[in-house]
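Trainee: I would like to learn how to read a protein model from its fold down to single residues. Where do we begin?

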Amino acid sequence: MNTSIALSRKTKETDITLTIDRANLTRDICTGIGFFDHMLDALFCHARLGLQLKVTGDLHVDAHHTVEDTGILLGQAIGKLLGDKAGLTRYASAFVPLDEALASAVVDISGRPFLVYQVALPQGASGDYDYSLSEEFFRALATHAGLTLHISLMYGQNGHHITEAVFKAVARALRGAMAPCDGEVSTKGCLGA
């Protein structure tokens, strides 16, 4: 597994540069969307990864392009960070509570992307972040990182609490899946086949 990955992506809608680091765990995140910065900080804190991220997006339109494109590039970077996935645990799951909300995430870093997102959120937003954008973010992340990712909300009412519990559950599951393992993780002899 690689130690550090730096990537950039520029389109007519967004301009993104990032570095993900397994050794330097500092985080400096600026997407222009305060609540999204907060969620990414929680995601990388609990995944035990450093993140330097700068995003300039067409926020005069809305937050959708910024959130989705960030998910795409973060997914690509995580995929590169995982490398050939040799020696990694592969599967992991986590439950995370936040006050009245309880979320779960199950991840397989097999290289076969798929997202199941069973999170009934109240309509609304935190600042400029519409809660419905979380599904778009995790779909982009899972697709471009090569993750099979199942996210479920057990229960909850407050949109902020639900969203934060989801991000932290994904982080904890990803952290477990990336942990070292000295045994076989596939009957096929390799991941992603």
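Predicted model: local features only at pLDDT ≥ 70, side-chain atom pairs only at ≥ 80, totals over all residues.

Trainee: How many helices and strands are in the protein chain?

Mentor: The protein chain holds four helices and 10 strands. Read from the N terminus, the order is β-β-β-α-β-α-β-β-β-β-β-α-β-α.

Trainee: What does the radius of gyration of the protein chain say?

Mentor: The value is set against the one for a compact globule with the same number of residues. For 193 residues that rule gives a radius near 16 Å, and the protein chain has 16 Å, so the two agree. Along the principal axes, the C-alpha atoms fill a box of roughly 45 × 40 × 30 Å.

Trainee: Which share of the contacts joins residues at least 24 apart?

Mentor: Take the contacts between residues at least 6 apart in sequence: 77% of them join residues at least 24 apart.

Trainee: And what can be said of the surface and the charges?

Mentor: The accessible surface comes to about 8,800 Å², and carbon and sulfur atoms account for 49% of that. There are 16 positive and 21 negative side chains, with the centres of the two sets 7 Å apart.

Trainee: What percentage of the residues in the protein chain is buried?

Mentor: Buried means under 20% relative accessible area. By that cut-off, 49% of the 193 residues are buried. The largest nonpolar core has 62 residues, and those with the most contacts inside it include Leu18, Ile20, Phe137 and Ile151. Helix H4 (residues 159-177) gives the most to this core, with 10 residues.

Trainee: Which residues does isoleucine 20 touch?

Mentor: Neighbours up to four places away in sequence are not counted. Among the residues that isoleucine 20 touches are Thr3, Ile5, Phe44, Leu51, Leu74 and Leu81.

Trainee: Is serine 104 buried or exposed?

Mentor: Serine 104 counts as buried because its relative accessibility is 8%. This residue sits in strand E6 (residues 101-108). With the sequence neighbours up to four places away left out, serine 104 touches Ala94, Phe95, His150, Ile151, Ser152, Met154 and Ala169.

Trainee: Where is glycine 75 found, and why does glycine 75 count as buried or exposed?

Mentor: Glycine 75 lies in helix H2 (residues 64-82). Its relative accessibility is 0%, so glycine 75 counts as buried. Apart from neighbours within four places in sequence, glycine 75 is in contact with Leu141, His144 and Ala145. The C-alpha atoms of glycine 75 and threonine 163 are separated by 19 Å, and these residues are 88 apart along the chain.

How values were computed. Residues numbered from 1 in each chain as written. Heavy atoms only, no water. Helix = DSSP H or I, 4+ residues; strand = E, 2+ residues; numbered from the N terminus. Rg over C-alpha atoms; globule rule 2.2 N^0.38 Å. Buried < 20%, exposed > 50% of the residue type's maximum accessible area, 1.4 Å probe, protein only. Contact = heavy atoms within 4.5 Å. Areas by Shrake-Rupley, 256 points an atom, 1.4 Å probe, with all protein chains shown as cover. Lys, Arg positive; Asp, Glu negative; His and termini not counted. Charge placed at Lys NZ, Arg CZ, Asp CG, Glu CD. Core = buried A, V, L, I, M, F, W, Y, C linked by side-chain atoms within 4.5 Å.
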